[in-house]
Amino acid sequence: MNTDGWTERWPEHPVIRTFDPPRPVQVDIGKALPLGRGGAARADYVSMRVKSSAVCLSGLLPALQTHWFQIFDGQWCAAITVYVTDAAGSNSLELDMIVTADAISEPPSP
């Protein structure tokens, strides 16, 4: 999220808050992306090729939060980078997302 050039009208009550360095969080993908609505195929109809090599995007995943930002209706959203793999764990990528506040939480203590 690039906030260069953003100026706060009321600096004592900012609507964008930056974490530098980013803070560790976990994201609940079920809340962030309500997958399975609108055209998703049943899992037993998905080919093994897709099941074994597609991006695994479910459950609680580790992420880094870079920002909080408030939207026009008062809700807070989080800018995060989530780390995802394929089902075999042989490929990975960083996925930048905007999620609602209820989709993230503190990571469990080690």
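Me: What share of the 110 residues of the chain count as buried?
Reply: Happy to start there! This is a predicted model, where local features need pLDDT of at least 70, side-chain atom pairs count only at pLDDT 80 or more, and totals for chains, interfaces and linings use all residues. Residues are numbered from 1 along each chain as its sequence is written, and side-chain values use heavy atoms, with hydrogens and water left out. Buried means under 20% relative accessible area, exposed over 50%, and partly exposed in between, with a 1.4 Å probe and protein chains only; of the 110 residues, the buried share is 23%.

Me: In what order do the elements of the chain run from the N terminus on?
Reply: Helices (H or I, at least four residues) and strands (E, at least two) are DSSP runs, numbered from the N terminus. The chain has 2 helices and 6 strands. Read from the N terminus on, the order is β-α-α-β-β-β-β-β.

Me: Is the chain more spread out or less spread out than a compact globule?
Reply: We can compare two values, using C-alpha atoms for the radius of gyration and a globule rule of 2.2 Å times the number of residues to the power 0.38. For 110 residues the rule gives 13 Å, while the radius of gyration of the chain is 17 Å, well over that, so the chain counts as more spread out.

Me: How many of the 11 residues of strand β4 are buried?
Reply: Strand β4 covers residues 76–86. The strand is largely enclosed by the rest of the structure, because its buried residues number 8 of the 11.

Me: Which strand pairs with β4 over 9 bridges?
Reply: Two strands pair if DSSP finds at least two bridges between them. Strand β2 (residues 55–56) pairs with β4 in the antiparallel sense over 2 bridges, and strand β3 (residues 60–70) is joined to β4 by 7 bridges, also antiparallel. The antiparallel partner with 9 bridges is β5 (residues 92–100).

Me: Which residue of β4 is the bridge partner of Gln70?
Reply: β3 and β4 form a hairpin with 5 residues between them, and Gly74 in the turn has a positive phi of about 100 degrees. Across this pairing, the β4 partner of Gln70 is Trp76.
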